[in-house]
Protein chains: 2
Amino acid sequence: MVLLSGGLDSTTVLAIAAREAGQRVHALSFAYGQRHALELGCAARQARRFDAAAHEVVDLSHLGRLVAPATSLVAASELAVPDAEARQRQLERGEAEAIPSTYVPARNTLFLSYALAWAEVVGARDIWLGVNAVDYSGYPDCRPEFVAAFEAMARLATKATDVRVRAPLIDLEKGAIIERGLGLGVDYGDTTSCYDPSSVGEPGSADERPLACGRCESCMLRRQGFAAAGVEDPTRYAD
Amino acid sequence: MVLLSGGLDSTTVLAIAAREAGQRVHALSFAYGQRHALELGCAARQARRFDAAAHEVVDLSHLGRLVAPATSLVAASELAVPDAEARQRQLERGEAEAIPSTYVPARNTLFLSYALAWAEVVGARDIWLGVNAVDYSGYPDCRPEFVAAFEAMARLATKATDVRVRAPLIDLEKGAIIERGLGLGVDYGDTTSCYDPSSVGEPGSADERPLACGRCESCMLRRQGFAAAGVEDPTRYAD
């Protein structure tokens, strides 16, 4: 069972589960009103590429409306996605919160819970996700202690008592993630990391290769990752 | 934040949160394709009765379809809701699984996770739920150790680090739950416990007082609870 957003990290995890671990994966994605819903097109294509046994896209649009007051990441929010450089300067001056507005309340908890339900139905023991605690944005639900606590809870929650939550990227820097994925044949040109492609006029068609703003924190981390890996970044950046 | 199904237990918890603890509650219900979707009408009326600040009904119909092969509780399932007496005899002969087919994979985990997201948005510290480990059906996600593990996970999952998962019924017998609710003014005639009202021709209108089959395990526990409390059972049973 792989949580697959269509981003760089989760697509790498899909490759690890399918190619390194040799599992026939079930891929799970969520339409929660995210600004970057075009990632779902990447997810669908990547699931096919790695021969997923099934790929489900769950409609959680209600969640997007519910959390809109608290996160800039959903289209229904009036908050703006922060510009990475401006935010960095604010952080240095102590004027910004450590957890940015792109944090979505309880998102990973909810997505993992959904995966746990489906995993029990299909008899999957492993739930894979692409969280990363090095080059990340300070989200609480990307830390190793969260992953361990979720796994402990999951083993008490269902009939299955041997669920494993596997987060193989958790200690890796972005450049190392990219190197690992390239070694497994990941086509990063058909993944997207941008938080707000609509800000650069991206129509959001699920059939096109994605465009990225180049300015948000996620675009910045992605760019730095390719630079660190010493490989060309295949992303189309607007800026 | 109260998980409110519209059943006997969760309505009692609503009364405890609103009247004993004096909280202005947010009530959260889920439409997940359950056979007993008429409970959602009870939930809406009970939320109004206890003056909830808001009541949200989340459309999780996708979940119902996804888990249908593994649970008899959803309308999309081909499995039948077991007759309580027949099941009891099977259990005594060692022919039935300890966890009945009405168990829904990861349901409480998922519902609590959704509540956790909304709780963070509205700044609610307490998440209340009506699980019960005495007169229950053996579901893993109704045990105290599950509740404790979820709370520990939740404190690492979000910005809030002081979330409390409150399960005030967990050690109570059904009769004691009913006594407590009656003392807080709960109208149990407008709650429903039946797993399969459609089996007795209940049309499922959200505006009517519910009818119950009288034969499923949940009806049996409810009947025994009223008998133990020594009060009249206001439920309309078909059988």
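This is a predicted model: local features need pLDDT of at least 70, side-chain atom pairs count only at pLDDT 80 or more; totals for chains, interfaces and linings use all residues.
Two residues are in contact if their C-beta atoms, placed from the backbone, lie within 7 Å.

Figure 1. Of the contacts in chain A with a separation of 6 or more, 72% are accounted for by residues 24 or more positions apart. The secondary structure of the chain comes to 8 helices and 7 strands. The C-alpha trace of chain A spans about 50 × 35 × 30 Å along its principal axes. A compact globule of 239 residues would have a radius of gyration near 18 Å, and the 17 Å of chain A agrees with this. Of the 239 residues of chain A, 53% count as buried.

Figure 2. Helix α1(A) has 13 residues and reaches 17 Å from its first C-alpha to its last, close to the 18 Å expected at 1.5 Å a residue. Because 11 of the 13 residues of α1(A) are buried, the helix is largely enclosed by the rest of the structure. Among these buried residues are Leu8(A), Asp9(A), Ser10(A), Ile16(A) and Ala18(A). After α1(A) comes Gly22(A), which has a positive phi, near 70°.

**Figure 3. The annotated segment and Thr11(A).** An unreviewed UniProt entry lists residues under "binding site", including Gly6(A), Gly7(A), Asp9(A), Ser10(A), Thr11(A), Thr12(A) and Leu14(A). Thr11(A) lies in helix α1 (residues 8-20) of chain A. Thr11(A) counts as buried because it has 31 C-beta neighbours inside 10 Å, where the cut-off for a buried residue is 20 or more. Leaving aside neighbours within four places in sequence, Thr11(A) is in contact with Gly6(A), Gln46(A), Gly181(A), Val186(A) and Thr191(A).

**Figure 4. Leu14(A) and its contacts.** Leu14(A), also listed for "binding site" in the unreviewed UniProt entry, lies in helix α1 of chain A. With 28 other C-beta atoms within 10 Å, Leu14(A) is buried. Apart from neighbours within four places in sequence, the contacts of Leu14(A) are Val2(A), Leu4(A), Val25(A), Ala27(A), Gln46(A) and Phe50(A).

**Figure 5. The largest nonpolar core and Val2(B).** The largest nonpolar core has 148 residues, of which Val2(A), Ala115(A), Val2(B) and Ala115(B) touch the most other members. Leaving aside neighbours within four places in sequence, Val2(B) is in contact with Val13(B), Leu14(B), Ala17(B), Val25(B), Ala27(B), Leu28(B) and Trp128(B).

**Figure 6. The interface between chains A and B.** In this view, 34 residues of chain B are in contact with 34 residues of chain A. On the side of chain B that touches chain A, two or more residues each come from β3 (54-59), α3 (61-67), α5 (107-122) and α6 (144-157) of chain B. Helix α5(B) gives the most to that side, with 9 residues. Of the interface residues of chain B, 100% are also interface residues in chain A, so the copies meet through the same surface.

**Figure 7. The relation between the two copies.** In chain B, the C-alpha of Leu110(B) is the nearest to the axis, at 3.1 Å from it.

How values were computed
Residues are numbered from 1 along each chain as its sequence is written. Chains are lettered from A and ligands numbered from 1 in the order in which they are written. UniProt positions are given in the numbering used here, feature names are shortened, and annotations may be inferred rather than shown by experiment. Helices (H or I, at least four residues) and strands (E, at least two) are DSSP runs, numbered from the N terminus. A residue is buried if 20 or more other C-beta atoms lie within 10 Å of its own, exposed if 12 or fewer, and partly exposed in between; C-beta atoms are placed from the backbone. The radius of gyration is taken over C-alpha atoms; the globule rule is 2.2 Å times the number of residues to the power 0.38. A nonpolar core is a set of buried Ala, Val, Leu, Ile, Met, Phe, Trp, Tyr and Cys residues joined through C-beta atoms within 7 Å. Copies are superposed by least squares on the C-alpha atoms of residues with pLDDT of at least 70 in both. The expected span of a helix is 1.5 Å times one less than its number of residues.
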